[in-house]
Structure formats: structure tokens, C-alpha cells
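Subject: Structure for you to look at

Hello,

Here is the structure I promised to pass on. My notes follow below it.

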Amino acid sequence: MIPLRLAIRTSVPHRNSGLQAGTTGPQAGVRDAPAPDHGAVIHTNLSSPPQATTTVRARGVRKSYGTGPGLVEALRGVDVSFHPRMFTALMGPSGSGKSTLLHCLAGLDSVTSGSVEIHGTKLEQLNDAGLTALRRDRIGFIFQSFNLLPTLTARENILLPLEIAGKPVDERLFDHVVRIVGLTDRLGHRPSEMSGGQQQRVAVARAMIARPEVIFADEPTGNLDSVSRTDVLRFLQSSVRELGQMIVMVTHDPFAAACADRVVFLRDGLVAGELPRPTEEQVLDTMKALGRAVRR
Ligand SMILES: Nc1ncnc2c1ncn2[C@@H]1O[C@H](COP(=O)(O)OP(=O)(O)OP(=O)(O)O)[C@@H](O)[C@H]1O
């Protein structure tokens, strides 16, 4: 059997830096590389992220479901770090553990063993109240299904996290976020009065408004047409460039992954490699190689 690393390396064009299989240890180049230069940054105090050194880390993360003959090992010892001011995509074949990893990183699910750390806070050491506070105060979420409250306007939906947390509204930041996602004319509309793309833009703004240390996005463009998909991805990129946001996004879409600064690939519950600054073609080639490796 050809090891996955070899299978991938022979199939991915090395026009850029190419796939860095297994580069998730502390000595790995990409992991320790500085955040990329995103070009022009709007120089307001809004461009400073709340926790410039925040790092999300998984160490030896295992997650099993069920017991006995029904046991499923969704994650089998994942080691990976995510960096501030970076947009990272998580990809891999169906069932490779992407959503499970995202949920474990976000404190939505517990790990079976290993450790998840968000800026020094070990999630497995938190009780339910601590996890709730972490999710409320330090994490933003974007889901495939928007999850907006139907009776609230766009403005009210966007401001909901601040209201729940009892935090004051920074109108300057609100205007900035609304401008980034192009919703200035839609603030009085309810979700039923907006297209899917507009609703997802509200969800993106809602995730950004509390300046969370990290935004976790699970297939955020999965329900969108191609124009809305491009818009939402552009807004996610803008939030990284203009607000210094950190984003970790699960996607099946090579186009979406190619909009990220880095793609981490999972296979069979393990990190199979990663691509910095990938092209869509490189992502596609890597996914094909992973599919072949899975079938071996
Ligand atoms: N609640 C659960 N109970 C039992 N098995 C589960 C549960 N959640 C996930 N799994 C299993 O864990 C494995 C990984 O699932 P996961 O949803 O993380 O993969 P994925 O890469 O996100 O897949 P997809 O791309 O199809 O969404 C799969 O075999 C799945 O069937």
C-alpha cells in the first residue's frame, strides 16, 4: 500500500508550495509561519483583533461514538493548530471527521481523550457553565442553515449575541460590519423578507459583531447559489483582512477552500496534510488523491 503522503505528493502540482502532508507538529513550517500579508488593511482601531495571540489547538484529540461493535472512532488522534488573523478551511472525504473536529474545537461536543485549547483555556477542564460562557463570549458560529430568529429584523439578529451577553453596542463597529457584509439597506428586514445569501450575510455579521476570538463555520455556503456563495466568502475574507478575525471553516467546496489562507485535510479521523494559499485546482487534486487513498 502506498502511504497517503506519497499518494498525495505525486498528484498535486507544486506550482506554489504544494501540500505539506503531516506538517502539523510544532516544527512544521506553515504552522509557525507568520500570518499572511492580506494587503490593504483599513487602519482604524477596528482592525485590531481582541486577542491577537489567540491560537486554537487540538492535541491528540480522539472522539468515539457508541460502544462495542457499534463503536465509531470519528477522530483518532488529531494534532492541529489554527492561527490568529487566518482563514483556515477543513476539508476531507465524507465521514473523515470534519464536523466532529469543528464541534470539539468549538466546545459543542466533548472529546473522548486529548486536549482542545482556545488561547490557553483547556476546554476539557471547563464545566457546563464555563463552556456556555466560552461559547457566548469568545466564539462566533456560522451554520449552513443560517439559524436566524424569524421574528427579529436583520439588525436585531446581528445584535442578538451582544444582547444575550449584556454587552453594549459599539455603533461604529456595527456600521463597519454591516458595510463589510453589504447589509446597510436590509437592516429592517426579517429573515423571510431576505434571500438565502442575504440571510447568511446576517449570520456572518452576527458572528462578527462581538469580535469573537475565533469564528467556526460549518458549511456556511452549502445552501447558497454561486453568486451568494462568492459574496459570503468575500465577506469572510474581509473580516479576516479588515477586522483581524480568525476563521475555521468546514467545507466540501474546493472553490470555498481556495478562498482560505490555508486548507487542512482530514482522512479517516486524522490530519492527512495541509496546503498553504491553495489554488482551487490544488484542492481538487488533493481531494482526488485522498479519495484514492481512502479506497485503497
Ligand atoms: N452522533 C454521532 N453518533 C455516531 N456516529 C457519529 C456521530 N457523529 C458523527 N458520527 C460518525 O463519525 C464519523 C465522522 O463524522 P463527521 O460528521 O465528523 O464527518 P464529516 O467529515 O464531517 O462528514 P461529512 O462530510 O459527510 O459531513 C462518521 O463515521 C460518522 O458517521
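Start with strand 6 and strand 7 (residues 214-218): five bridges join them, and they run parallel. Helices (H or I, at least four residues) and strands (E, at least two) are DSSP runs, numbered from the N terminus. Phenylalanine 141 stands opposite phenylalanine 216 in strand 7.

This is a predicted model: local features need pLDDT of at least 70, side-chain atom pairs count only at pLDDT 80 or more, and totals for chains, interfaces and linings use all residues. Residue numbers start from 1 along each chain as its sequence is written.

The sheet is open, with six strands in the order 6-7-8-3-9-10 and mixed pairing. Two strands pair if DSSP finds at least two bridges between them. Strand 6 (139-143) and strand 10 (270-276) are at the edges with a single partner strand each, so one side of each has no neighbour in the sheet.

Now helix 6 (residues 171-180). Its buried residues are Val177, Val178 and Ile180. Buried means 20 or more other C-beta atoms within 10 Å of the residue's own, exposed 12 or fewer, with C-beta atoms placed from the backbone. The face turned away from the buried side carries the exposed residues Glu171, Arg172 and Asp175. The buried residues pack against helix 7 (196-209) and helix 8 (226-243); contact means C-beta atoms, placed from the backbone, within 7 Å. Glycine 182 follows helix 6, with a positive phi near 65°.

Best wishes

Conventions:
Contact = placed C-beta atoms within 7 Å.
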